[in-house]
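Please look over the sequence and the structure before reading on.

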Amino acid sequence: MSKLATKHFNIWKWAFFVLLAAIVVSGVVVVHKAAAPAPAPEVSRPATVSNTSLTVVLNRKQVNALSANYLNKFLKGQQVKYHFMVGEKYATLVGDTKFMGVKVRFAINFIPQMTKQGNILLKAKGLSVGQLNIPLRFVMGYIAKNYNIPKWVSINAKKKTVLLDLNRYSKHRSLKYSAKEINMADGRFRFLITVPTDN
């Protein structure tokens, strides 16, 4: 065999051994990694009330649908019914009352305002009872005494206000609600919904 042929043979022989060594080393590395214990995952801190929140934006139609659904369930089986709806300018409570023995239909218009606590305060702006001249305080007092009102709703006939206490509504529920924007003109209502922690 010539020197040139021997040289080529040696090159291929060394190339073969280098390739074989690389395969063996790679196999050992793979087996070692496969047998090694998995690295412990990074443990994130439990979500708290401050970072487990989402914002929900509702339009006028959606707010009215939620109101109707809630009142239908709340007043189920009750003789006295009433409705609450949001219009372009006012939030309106519609129901019935008795004045001098006569049953009359009324509608109270409210201007909704957001409180610093994230609740909603309804300030009475006007009362409609057809041709009768009934004091607004009388009607609101009648509602407070005779209507089945949710515990988280407070009526102050003297101040002519209704407080929708979302903090109280959320107290024993799995989610907490707070108002963040009330835009009657644009029909935009933004709420913050928070998942409370057990701590």
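How many helices and strands does the secondary structure of the protein have?

## Secondary structure

The protein has four helices and nine strands; these are DSSP runs numbered from the N terminus, with helices (H or I) of at least four residues and strands (E) of at least two. Their order from the N terminus is α-β-α-β-β-β-β-α-β-β-α-β-β.

## Basis and confidence

This is a predicted model, in which local features need pLDDT of at least 70, side-chain atom pairs count only at pLDDT 80 or more, and totals for chains, interfaces and linings use all residues. Residues are numbered from 1 along each chain as its sequence is written, and side-chain values use heavy atoms, with hydrogens and water left out.

The mean pLDDT (the predictor's confidence in each residue, from 0 to 100) is 78, and 71% of the residues reach 70 or more. Confidence is lowest in helix H1 (residues 3-35), with a mean of 47, and highest in S7, at 96.

## Burial and core

Of the 199 residues, 27% are buried, that is, under 20% relative accessible area with a 1.4 Å probe, protein chains only. The largest nonpolar core contains 32 residues; such a core is a set of buried Ala, Val, Leu, Ile, Met, Phe, Trp, Tyr and Cys residues joined through side-chain atoms within 4.5 Å. Phe106, Ile108 and Phe110 have the most contacts inside this core. Elements that each supply at least two of its residues include strand S4 (102-114) and helix H3 (136-146).

Phe106 has contacts (heavy atoms within 4.5 Å) with residues including Leu93, Leu127, Val139 and Ile143.

Note on methods
Buried means under 20% relative accessible area, exposed over 50%, partly exposed in between (1.4 Å probe, protein chains only). Lists of a residue's contacts leave out its neighbours within four places in sequence.
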